[in-house]
Amino acid sequence: MHNLYIPFCSLVLNIILLILYRYKVVKVYEENKFYYMMIIDTLIMTIFCMVAVYLIYIDYDQNVIKLANKIECIAIFNYFSNLYMYISHICNAKSNKYIVGYYILNIVVGIGIFLAPISLEITNDLTYMVTVGLGVDITMYLGGLLLILTFILAIKNYKKLQEKIIPIVFLLIFIIVVAIIRNVKPEFICLEFLATITLLIMYFTIENPDLKMVEQLTIAKELAEKANHAKSDFLSSMSHEIRTPLNAIVGLSDDMLSRNNCPDDMKEDLNDIVLASHTLLEIVGNIMDINKIESNKLEIVDTTYNPKPLIEELGRINAVRIGEKPINF
């Protein structure tokens with residue numbers, strides 16, 4: 001049963017891929033659903049290939065063996081169909097409009113393969129075992145046509161696909177290798193294994209939305225931190241620039257008050273100017289404190305203060321702002 005060794009390796013690799021996909025890709029993009037279906041297709045291909053070969057070795061009913069081969073052929077065609085849809089969804093965001101055609105094609109071709117006759121060519125010593133017939137031809141030609149269309153689509157949209165085009169190139173090479181091997185040594189079973197290898201390469205190119213979201217959040221955080229630093233630098237610079245003319249206003253107002261040669265009504269206005277200037281200086285100081293808080297450099301100092309002058313100062317400032325408005329204050 002040496003013919004089962006390579007399909008068995010494909011089966012093990014498929015199971016590993018299935019586990020990795022289910023546990024690593026928590027959420028999926030639309031195209032990744034078709035990648036998942038390709039894993040299922042390859043799993044079905046491998047299982048029924050092994051079943052058919054094993055039944056041949058134990059000389060089982062050929063009708064059952066043919067049924068297993070037909071199911072394998074249907075899975076092979078679905079594999080190429082899902083591959084085309086996978087690439088189509090990556091290249092075209094509106095490819096969902098083809099989904100009905102995708103289902104119809106798979107159903108029609110699946111029924112055609114199931115109803116088409118196939119036969120087994122087996123030697124007495126079981127060194128040569130090949131499935132041939134119309135069902136195999138339908139799978140080979142229609143699957144090959146889908147692969148060519150997929151490759152053309154990938155070449156036209158290679159900029160969108162980027163590294164995702166690599167598995168398509170490998171798959172095309174693998175199919176050529178399978179075609180050569182089938183002509184030279186038809187009993188050598190390797191299609192399932194090479195299809196699984198292609199899926200393994202594709203696994204490292206599919207996008208995990210969770211990981212991508214984390215990456216986007218990290219970039220957004222870095223940009224926010226840069227913007228916050230820029231804001232802090234701007235506020236710090238503007239606070240220093242505002243303090244300079246304010247200090248001049250406060251100084252000149254204090255100097256004018258100290259001369260005692262200005263009218264009483266002007267003294268009251270000068271006092272309001274001084275108080276407003278001190279308030280504005282305190283606001284600027286608060287802005288500086290905000291920057292210190294954000295950079296964890298603010299030092300809290302315990303001190304006593306009298307709230308009465310603060311309330312009176314706020315009253316005078318707001319009385320000026322109210323002016324002649326019909327507001328009781």
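Which residues have the most contacts inside the largest nonpolar core? Select Tyr35, Tyr79, Leu83, Tyr86, Ile87 and Leu199, which hold that place in a core of 38 residues; a nonpolar core is a set of buried Ala, Val, Leu, Ile, Met, Phe, Trp, Tyr and Cys residues joined through side-chain atoms within 4.5 Å, and buried means under 20% relative accessible area, with a 1.4 Å probe and protein chains only.

The model is predicted, so local features need pLDDT of at least 70 and side-chain atom pairs count only at pLDDT 80 or more, while totals for chains, interfaces and linings use all residues. Residues are numbered from 1 along each chain as its sequence is written, and side-chain values use heavy atoms, with hydrogens and water left out.

Next, colour the helices (DSSP runs of H or I, at least four residues, numbered from the N terminus).

Now centre on Tyr86, which, leaving aside neighbours within four places in sequence, is in contact (heavy atoms within 4.5 Å) with residues including Tyr35, Lys164 and Met202.

Stay on helix H3 (residues 62-91) and select Glu72, a buried residue with a relative accessible area of 11%. Beyond its neighbours within four places in sequence, Glu72 is in contact with Met45, Phe48, Cys49 and Glu192.

Follow Glu192 into helix H8, where the buried residues also include Leu194, Leu199 and Tyr203. H8 (residues 191-203) has 13 residues and reaches 18 Å from its first C-alpha to its last.

Note on methods. Helix = DSSP H or I, 4+ residues; strand = E, 2+ residues; numbered from the N terminus. Expected span 1.5 Å × (residues − 1). Buried < 20%, exposed > 50% of the residue type's maximum accessible area, 1.4 Å probe, protein only.
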